[in-house]
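Okay, let's start. Please look at the screen.

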Amino acid sequence: MRSIALEGRTYAFHDVGVGVPLLLLHGFPFTSESYWPQLESPPKGFRLIVPDHRGFGQSAAATGTTTMEAMADDALRLLDALSLGPAVVGGVSMGGYVAMALARLDPGRVRGLVLIDTQATADDEAGRARRETVAADVLANGVAGLVQGMLPKLFAAGTEPAIRNRVEAMMLAQQPDVVAKASRGMGQRSDSKDLLARFFGPALIVVGAEDVITPPEKARAMGELISGATVEVVAQAGHLTPVEQPARFNALLEAFAPRFG
Ligand code: MLT
């Protein structure tokens with residue numbers, strides 16, 4: 001893993017594969033490791049840039065709420081540091097929220113979108129209250145309760161125990177204050193439906209058929225907003241399609257790569 005310094009804090013990332021730059025952003029409360037099959041075997045046609053968001057994994061924490069814009073700004077500065085111009089930008093779940101925030105901050109940097117197991121809508125009032133409850137609970141009691149609450153919703157019924165165990169360990173390793181700041185940040189995120197309606201680049205939308213957190217209807221709703229988007233519903237995947245069905249996910253990316261030729 002490599003790193004750059006952003007205002008004196010370490011920002012860690014993987015840089016693997018050859019081709020069109022694809023910034024892949026992870027979800028909550030995961031790390032870049034949640035793309036392990038792609039890091040081990042990058043899809044042909046893409047150079048994957050996969051950071052750890054501030055405070056997660058190997059990246060140092062920052063002060064203040066971890067808004068989607070703050071994480072997007074970190075990623076933009078990484079693209080600058082790597083002297084990369086426009087990139088394809090994608091992410092799973094919260095990573096998708098960050099990808100959309102990045103497209104709002106700097107639309108010219110986004111050559112294409114890959115939105116995976118995510119949604120364009122903001123939280124409603126009850127959702128925002130739940131984010132605050134999660135933040136308060138992890139600060140008081142640690143992340144184990146959040147992890148145990150999320151695990152039953154993350155995977156398709158047939159997902160192998162080894163995958164579940166690796167994801168569980170990744171989640172349990174995250175720091176409570178970092179998780180709390182990102183939970184609050186998600187509660188503050190903007191609705192991105194207007195942004196998607198204005199996006200005219202290539203877009204690939206992927207969702208697990210068994211995703212109960214951001215189900216296929218959320219993916220189809222995003223697909224209706226983006227002109228010419230491709231929506232792919234992946235069988236036997238839940239909310240973490242890249243690790244649950246890596247061969248299928250990589251094949252979808254490989255079929256998408258020629259759009260940037
Ligand atoms: C994620 O996987 O990033 C989270 O489920 C997103 C969310 O809680 O909205």
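The largest cavity has a volume of about 70 Å³. Keep in mind that this is a predicted model. Which elements give two or more residues to the lining of that cavity? Helix H2, residues 68–81, and helix H3, residues 94–105. H3 gives the most, with four residues. Among the lining residues are Met-68, Glu-69, Tyr-97, Met-100, Ala-101 and Arg-104. Arg-189, Ser-190 and Ser-192 line the largest cavity too. By type, the lining has five nonpolar, three polar and three charged residues.

In total, the structure holds two cavities of 30 Å³ or more.

Now the ligand. Where does it sit? The ligand takes up the space of the largest pocket. The residues around the ligand include Gly-27, Phe-30, Arg-131, Met-150 and His-239. Tyr-97 is also around the ligand, and Tyr-97 lines the largest cavity as well. The shell is made of seven nonpolar residues, three polar and one charged.

Next, the contacts to ligand oxygen atoms. A backbone N or O atom of Phe-28 lies 2.7 Å from one. For Met-94, a backbone N or O atom is 2.9 Å from a ligand oxygen. Ser-93 uses its side chain: a polar atom there lies 3.0 Å from an oxygen of the ligand. How much of the ligand does the protein bury? Taken alone, the ligand exposes 270 Å², and the protein buries 92% of that.

Terms used:
Residues numbered from 1 in each chain as written. Predicted model: local features only at pLDDT ≥ 70, side-chain atom pairs only at ≥ 80, totals over all residues. Heavy atoms only, no water. 1 Å grid on protein atoms, 1.4 Å probe; cavity = no way out; pocket = protein on both sides within 12 Å on 5 of 7 lines; lining within 4 Å. Points joined across faces, edges and corners; volume = space filled by probe spheres on them. Nonpolar A, V, L, I, M, F, W, Y, C, P; charged D, E, K, R; others polar. Near = heavy atom within 4 Å. Polar contact = N/O pair within 3.5 Å; in protein donor to acceptor, adjacent residues only side chain to side chain. Areas by Shrake-Rupley, 256 points an atom, 1.4 Å probe, with all protein chains shown as cover. Sits in = over half its atoms within 2 Å of the grid points.
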